[in-house]
Amino acid sequence: MSLHKPGLHFFFLLLLALLPASSAQQAAPEGKQEQGMVSTSGSHAPVLDSQKRPITAGGFVEIGPIVFENIAEKAGLAKWQHIMGTPERKFILETVGSGVALLDYDNDGWLDIYLVNGATYGSVQGKAESPHAALFHNNHDGSFTDVAARAGVTNDRWGFGVVVGDYDNDGWPDLYISNFGKNRLYHNNHDGTFSDVAEKAGVTLGNWSTGATFGDYDGDGRLDLFVPGYVHYDLDRPPAPGSSVVAFARCEFRGVNVMCGPRGLKGEPDHLFHNNGDGTFTDVSLKAGVNDASGYYGLASAFVDLNNDGKLDLVVANDSTPNYLYVNKGNGTFEDASYISGYALNENGRETASMGIAIGDYRNNGLLDLYDTVFSDDYNPLYRNDGDGNFTDVSYQMGMAEPTIPFLGWGDGFLDYDNDGWLDLFVSNGHVYPEVDNSGWGTTFAQRPLLFHNLKGAKFELVPPVKHTGLAELFVGRGMAVGDLFNDGKMDVVINQLGGPPGLLRNVEAGNNHWIGFQLIGGPKSPRDATGAQVYVTAAGLRQRQDVIRGGSFASCNDPRIHFGIGSAAKVDAIEIHWPSGVVEKIANLPGPDHYYTITEGKGLKDGGKP
């Protein structure tokens, strides 16, 4: 791997990498850092709109492009409520929120929605009914029905993350739910129900797990599982300021007393589970070199091939500690390239309070870039892939940094919302401190989402929040997933909101650009759900790349299908698939646009139609 940051800056990063874990976690970043708090770049002046409202809950315009409409109530989702702890959010366990997954659990060709729920102290103690997770079945008519109880996937634990993958290669998607407490592995029974097999599979763990990812890291055709750990938490000894489990006497943000963490708290290790092919997994974290010996605070992860060598690498977004980037060495182990790659820190050499990871080729050059969401009073970094696994933070030069500073970002994802052939970016936002609504900091607890439009890889610009549309809605946003819920070729967004109903932002963008989508089925030497496959589509002079990724965003999972916008092109010029097995397949019978197609490894393309 080559170095793209030579000189003094590189040696500064290397020095940080050699610091003891306790120093890395408690050292203050540039700017003022309150005791016991997250890593930020310090205090920033309030950004207010023309009506003196914080920009996080304002800045609305009367006229502009209308992209999303929140139809959660009309679709039947709003009757479900996310619940986590108490409204006061006294402890960090109550603030992190939960993820969302889009999956076709019954293989009927339509995306369904799984929403993770939290818990209350009463439910954990057995004194109250536990809040239920939701599995919303797509009724094919714009409405959804919650079938979680019938399907056996209510979880009924303090839930955080969800990832979808066909771990046993039977052609049906399974669910892994990460919790505070034991995790669940829901095996799909092929009849609309699931069975929790986590105990038998050996993947329950038991403290605080977050945004997991599936991927075949060793190329044996079976999905393995990586599970980040966040904070080691004890309900009987909560992290109150000055207590023995907190390294700081005070927990403050801008001089106001708030909940403690994650800095000053003990981290929970990460785990890599190897799929044994018999329904069980083996923990190989230490052997593979991804066990998180530093005790960082992991929130999101993804298996993805970042250096184009055909092997899945691993990225982990860590809160208030350096991020991880592990390069797959091809022998069952990984090289920790976090610092040398440029992904551990932002361009100022600071660790960030990373929450979510978006992955996509925003320049259409065949290299996957990374975008992290972070805490307020800091900017969300966009890491440009310079090749050979090297990354440069280009947020400011791309026009994306300053607009994000007042916001606290969580789920994020690249999507081509207008089907022009260039990946745009969506960010779900929401604060963790209810106290901010009584401050003059220029931020709010509930925040509007952000949508960045890609100007052909040269810049990004914010899409204005038009009043009474989805971009002007306020959410205490957490997990977020993107996908085509209505099979109309337009990418929609689902947001899991902390302590409230979800948002279902239907894409109502008025353009008439064309698109094409693919459902991939792997052959005998690839995972059946084709996780890790790379698809290249050439149309109208653009060669685009999309990968099948299970995980990312914040504790969430996107549409498993591959979607390309192709602009005004009336046809596709070329399709090339790099299967996880190593086979490279070129499709000869090039299809027309505005359809979903099924491609089975080695068997070519089948018209999946447009339901």
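Me: In this predicted model, which cysteine does a disulfide join to cysteine 251?
Reply: Look at the sulfurs, since a disulfide is called when two cysteine sulfur atoms lie within 2.5 Å. Here the S to S distance is 1.9 Å. A search of the whole structure finds one disulfide. The partner of cysteine 251 is cysteine 260.

Me: Is that disulfide between cysteine 251 and cysteine 260 right-handed or left-handed?
Reply: Both cysteine 251 and cysteine 260 are buried. The torsion about their S-S bond is about 100 degrees, so the disulfide is right-handed.

Me: What kind of peptide bond joins glycine 261 and proline 262?
Reply: Proline 262 is in the loop between strand E13 (256-257) and strand E14 (271-275). Omega for the bond from glycine 261 to proline 262 is about 0 degrees, and the peptide bond is cis.

Me: How are the rings of phenylalanine 180 and tryptophan 208 arranged, edge-to-face or stacked?
Reply: By the ring rule there are 26 aromatic pairs. In the pair of phenylalanine 180 and tryptophan 208, the centres are 6.5 Å apart and the planes are at 70 degrees. Planes over 60 degrees apart count as edge-to-face and those under 30 as stacked, so this pair is edge-to-face.

Me: Which residues do ring pairs link into a cluster with Trp208?
Reply: Trp208 pairs with Phe180, and the cluster takes in both of them.

Me: How many residues are in the largest nonpolar core?
Reply: In soluble globular proteins, nonpolar side chains tend to be buried together. In this model, the core members that touch the most other members are Ile92, Val96, Phe160, Trp208, Tyr230, Phe375 and Tyr433. A second, separate core has 32 residues, including Ala148, Val153, Tyr167 and Tyr176. The largest core has 38 residues.

Me: Which residue has its backbone oxygen 2.6 Å from a polar atom of the tyrosine 297 side chain?
Reply: Tyrosine 297 is in the loop between helix H7 (285-288) and strand E16 (298-304). At 0% relative accessibility, tyrosine 297 is buried. The backbone oxygen in question belongs to leucine 265.

Me: Which side chain meets arginine 184 in a salt bridge?
Reply: Side chains of opposite charge can pair when their charged atoms come close. Arginine 184 is in strand E8 (residues 184-188), and its partner is 12 residues apart from it, in strand E9 (residues 194-196). The N to O distance is 2.8 Å, and the partner is aspartate 196.

Me: What is the N to O distance in the salt bridge of aspartate 529 and arginine 550?
Reply: The structure holds 20 salt bridges. This one links distant parts of the chain, 21 residues apart, from the loop between strand E31 (514-521) and strand E32 (534-539) to the loop between strand E33 (542-547) and strand E34 (562-567). Both aspartate 529 and arginine 550 are buried. Their N to O distance is 3.6 Å.

Me: What is the phi of alanine 530?
Reply: Alanine 530 lies in the loop between E31 and E32, and it is buried with a relative accessible area of 0%. Although alanine 530 is not a glycine, its phi is positive, at about 65 degrees.

Me: Which ring does the charged end of arginine 506 sit over?
Reply: The charged end of arginine 506 is 3.8 Å from the ring centre. Elsewhere, the charged end of arginine 561 sits over the ring of tyrosine 596, 4.2 Å from its centre. For arginine 506, the ring is that of phenylalanine 486.

Notes
Residues are numbered from 1 along each chain as its sequence is written. This is a predicted model: local features need pLDDT of at least 70, side-chain atom pairs count only at pLDDT 80 or more; totals for chains, interfaces and linings use all residues. Side-chain values use heavy atoms; hydrogens and water are left out. Rings of Phe, Tyr and Trp (its six-membered ring) pair if their centres lie within 6.5 Å; planes under 30 degrees apart count as stacked, over 60 as edge-to-face and the rest as tilted. A charge sits over a ring if NZ of Lys or CZ of Arg is within 6 Å of the ring centre and within 35 degrees of the ring normal. A nonpolar core is a set of buried Ala, Val, Leu, Ile, Met, Phe, Trp, Tyr and Cys residues joined through side-chain atoms within 4.5 Å. Buried means under 20% relative accessible area, exposed over 50%, partly exposed in between (1.4 Å probe, protein chains only). A salt bridge is a side-chain nitrogen of Lys or Arg within 4 Å of a carboxyl oxygen of Asp or Glu. Helices (H or I, at least four residues) and strands (E, at least two) are DSSP runs, numbered from the N terminus. A polar contact is a pair of N or O atoms within 3.5 Å; within protein, one must be able to donate a hydrogen and the other to accept it, and residues adjacent in sequence count only if both atoms are side-chain atoms.
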